[in-house]
Amino acid sequence: MPKSTAIWEALQSHYQEICDLQMRDQFAQDPQRFEKFSLEHNDILLDYSKNRITDKTMELLFKLARESKVEEWTQKMFSGEKINHTEDRAVLHSALRNISDKPMLIDGQDVMPEVKNELQRIRKLSESIRSRQWRGVSGQPITDVVNIGIGGSSLGPEMVTDALRPYGIHDMHFHFVSNVDENHIMAALEMLKPETTLFIISSKTFTTQETMLNASTARKWFLKSVDDTSAIKKHFVAVTSNRDAATKFGIDPENIFMMWDWVGGRYSLWSAIGLPIVISIGMDNFEAMMQGAYEMDQHFKEQPFEKNIPVVLALLGVWYNNFFNAQSYAILPYDQHLHRLPAYLQQADMESNGKYVDREGQQVDISTGPIIFGEIGISAQHAFYQLIHQGTKLIPADFLAPITDYHCIMRHHRVLMSNVFAQTEALMKGKTESEVRAELEAGGMSGEQLEALLPYKVFLGNKPTNTLLFQTLDPKTLGGLIAMYEHKIFVQGIIWNINSFDQWGVELGKQLAVKIQAELEDASEVTVHDSSTNGLINYYKNNRPEKQ
């Protein structure tokens, strides 16, 4: 286990040595700190100098990565070995964006011909919709696309479609339905016309309860207006490995796209799961996104750890999680189009590394995945930044911001960026008692009034942040950022000795829900659960309207 290794003990001792160091002092002592602790890849700059680290910290963390065999595990992943051992599956989402001519093998078979064939099919379908050649049952073109999926089949496509909206087709509207609560799908359907709507049903098994219930509701809504089951072929497509079920639903086999078991749902936006993205931004822009991800893959595979952005981010996360006992991590984008990025990374990180059992089946003896949260930075400054600045919890954070923007109205953008730089400086420096005193005295305050207010205006500072600047949020850069976080999560899983690619934790609630659903179908009193669950079920049944 990691905690019992010599390098872990060395890091623990080092933490005791430097835990009280102040970053503002370190910057004062080393004018080259920014140059020393920053990295670049393509148009992405990572400044990690505002972290509670020294040269020795990074030296020890890089040694931890090497002794954890991160490089060897990286080779295993990219070579198609079945590193998802609990499901006996390879982890090869990188093949989906492999723009080189190099094969990628699973069990000795090159998967690239099949991947490229699906990409060509995606291009053909998306171009027919975007060019208005695809016509619905009434002969009208498609104006609205509804993606029905859940988890990675929804969060990834929605995040990217929103992020790249400036590059999208603007006279077509995209809707993402994932919640089984009828209010979600009904809110989407009430503004649509069946004859101009295309539904994309994304479910690997075509049996996912939430997705298939929403798909069934959409199908009934459509047929209520059209009353012709053959018309389903013009208004429904599917992404699934269960072609028979999709065909039985009424979907044309030509419009059923593949999912592979070597691609996890939270890594699947690069596959046909990304069909809404491609319809929105076009295949050329999607390929630019793939190129950005591919180039980040190469950076991750080839750069030494000291110059490797995903590895550095991963190690800093381990440093705070396991030695400073920081339980959470904030994602703070300063680009409105990235408003769904925190939610996307919540799933990517927390579903991957939210594990308490290691690769040997033993309970871990260290903290694993952090709680990921976040919001658009400017809005969050007026919400939860108070806790980050003056709360009792240490919350490391990533700030992401574009140097320029698609519209780039100068006054707006300079105010935006001034906040990025001000917030990270404020979190690092804080404000000392003497600085507050001088500020209050300069404002004319003194005596008891000053002494009473003074402690409330002190900021301890020493709050760690990373700043990621990029030229603009275009498809290539977004692809690089997504792949960067994918690899960061992978590296942390290797260091913690857990399997980042299964998700058994989502199963138990689903299994129990199936049993309880049957109990909700009749009026008899339920007694088979604990008293709380029995009481809640019976209260619900006794108080629900007859129509429910």
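Student: Hi! In which hand does H5 pass H20, left-handed or right-handed?
Tutor: Hello! In this predicted model, H5 passes H20 in a right-handed crossing.

Student: Where are those two helices, and how do their axes cross?
Tutor: H5 covers residues 70-78 and H20 covers residues 475-495. Their axes come within 10 Å and cross at roughly 120°. H5 and H20 are therefore oblique to each other.

Student: Which residues of H5 and H20 meet?
Tutor: From H5 you have Val70, Trp73, Thr74, Met77 and Phe78. They meet His487, Phe490, Val491, Ile494 and Ile495 in H20. Sorted by class, the contact of H5 with H20 has eight nonpolar residues, two polar and no charged.

Student: What about H13 and H20, how do their axes cross?
Tutor: H13, residues 309-323, has an axis that comes within 8 Å of the H20 axis, and the two cross at roughly 50°. H13 and H20 are therefore oblique to each other, and their crossing is right-handed.

Student: Which residues of H13 and H20 meet there?
Tutor: On the H13 side, they include Ile309, Pro310, Val311 and Leu313. Among those they meet on H20 are Met484, His487, Lys488 and Val491. The contact of H13 with H20 divides into 10 nonpolar, three polar and one charged residues.

Student: Let's switch to the sheet. What is the strand order?
Tutor: The order is E1-E2-E13-E12-E10-E11, an open sheet of six strands with mixed pairing. E1 (38-41) and E11 stand at the edges with a single partner strand each, so one side of each has no neighbour in the sheet. From one strand to the next, the twist averages 15°.

Student: How do E1 and E2 run, parallel or antiparallel?
Tutor: E1 and E2 (residues 44-47) run antiparallel, joined by four bridges. As one of the details, glutamate 40 has leucine 45 in E2 as its bridge partner.

Student: And E10 with E11, parallel or antiparallel?
Tutor: Those run parallel: four bridges join E10 (residues 328-333) to E11 (residues 371-374). Alanine 330 stands opposite phenylalanine 373 in E11.

Student: Through which helix does the chain cross from E10 to E11?
Tutor: Through H14, residues 341-353, in a right-handed β-α-β crossover.

Student: Which strands does H14 touch?
Tutor: H14 packs on the sheet and touches E10, E11 and E12 (397-402). The direction of H14 makes about 175° with that of E11.

Definitions and conventions: Residues numbered from 1 in each chain as written. Predicted model: local features only at pLDDT ≥ 70, side-chain atom pairs only at ≥ 80, totals over all residues. Heavy atoms only, no water. Axes fitted to C-alpha atoms, helices over the stretch in contact; angles between N-to-C directions. Parallel < 35°, antiparallel > 145°, perpendicular 65-115°, else oblique. Left-handed = near helix turned anticlockwise from the far one by under 90°. Contact = heavy atoms within 4.5 Å. Nonpolar A, V, L, I, M, F, W, Y, C, P; charged D, E, K, R; others polar. Pairing = 2+ DSSP bridges. Right-handed = clockwise from strand over helix to strand, strands pointing away.
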